[in-house]
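Have a look at the model first, and then we'll go pair by pair.

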Amino acid sequence: MKNVKDIIIIVLACTTILCAAAVLILAISMQGCEADEVDGEKAANESLAEENTAVIYYSPNAAVYSLSKKNIPFSGDAKDLLAEIIDHGELSAECALNSFKIIGKTGWVDMNLAYGKAASLSTHQEWMYTAVLVNTFLDTYGLERLLITIDGEAYHEGHAQFDELKGHFANEESAHS
């Protein structure tokens, strides 16, 4: 029985190392594209500022895995977008955006530890925090994928797993009710 536990520990350690390496490789590759990233973010922000609206996702009923969306006034700044999500009660006030970068159709949102801890409280909380953030940023900035990191690194605690690119979240009412 001890050998099985040792093998499980080794597999988990290897998986964690591989995930961290993948995030590090992505971060390094993003640094090499800084000029494209700045131009892409500037163009996206200008486009959104002209439209003066963003798409925000919210939970019409916090008891189910369901999101609705609406257009809101928007300055084009990612920190303002996060503030809108918080103002609508979808994330706790302690959550903060460290940085946001765009490369092509992929975004990278680096959140603070308070976001990671809040998302790790339960499976439902992880789904809501992640789905609201991902869907809002994907639709507002016209992205296909979003990577979420916590203080610049992959994050694994409780129910929260932030180490991979995420696409749109679909409503899952029937799967979790």
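Rings of Phe, Tyr and Trp (for Trp, the six-membered ring) count as a pair if their centres lie within 6.5 Å; planes under 30 degrees apart are called stacked, over 60 edge-to-face, and the rest tilted. Searching the whole structure on that basis turns up eight aromatic pairs. Keep in mind that this is a predicted model, where local features need pLDDT of at least 70 and side-chain atom pairs count only at pLDDT 80 or more, while totals for chains, interfaces and linings use all residues. Numbering runs from 1 along each chain as its sequence is written, and side-chain values use heavy atoms, with hydrogens and water left out.

Start with Phe 100 and Tyr 141, a tilted pair sitting 4.7 Å centre to centre with 45° between the planes. Phe 100 is in strand 3 (residues 97-103) and Tyr 141 in helix 5 (residues 123-141), so this pair ties together parts 41 residues apart in sequence. Helices here are DSSP runs of H or I with at least four residues, strands are E runs of at least two, and both are numbered from the N terminus.

Now hop to Trp 127 and Phe 169, an edge-to-face pair at 6.2 Å centre to centre and 85° between the planes. Trp 127 belongs to helix 5, while Phe 169 is in the loop between strand 8 (165-166) and helix 6 (173-176), 42 residues apart. Trp 127 is buried at 8%, whereas Phe 169 is partly exposed at 22%.

Methods. Buried < 20%, exposed > 50% of the residue type's maximum accessible area, 1.4 Å probe, protein only.
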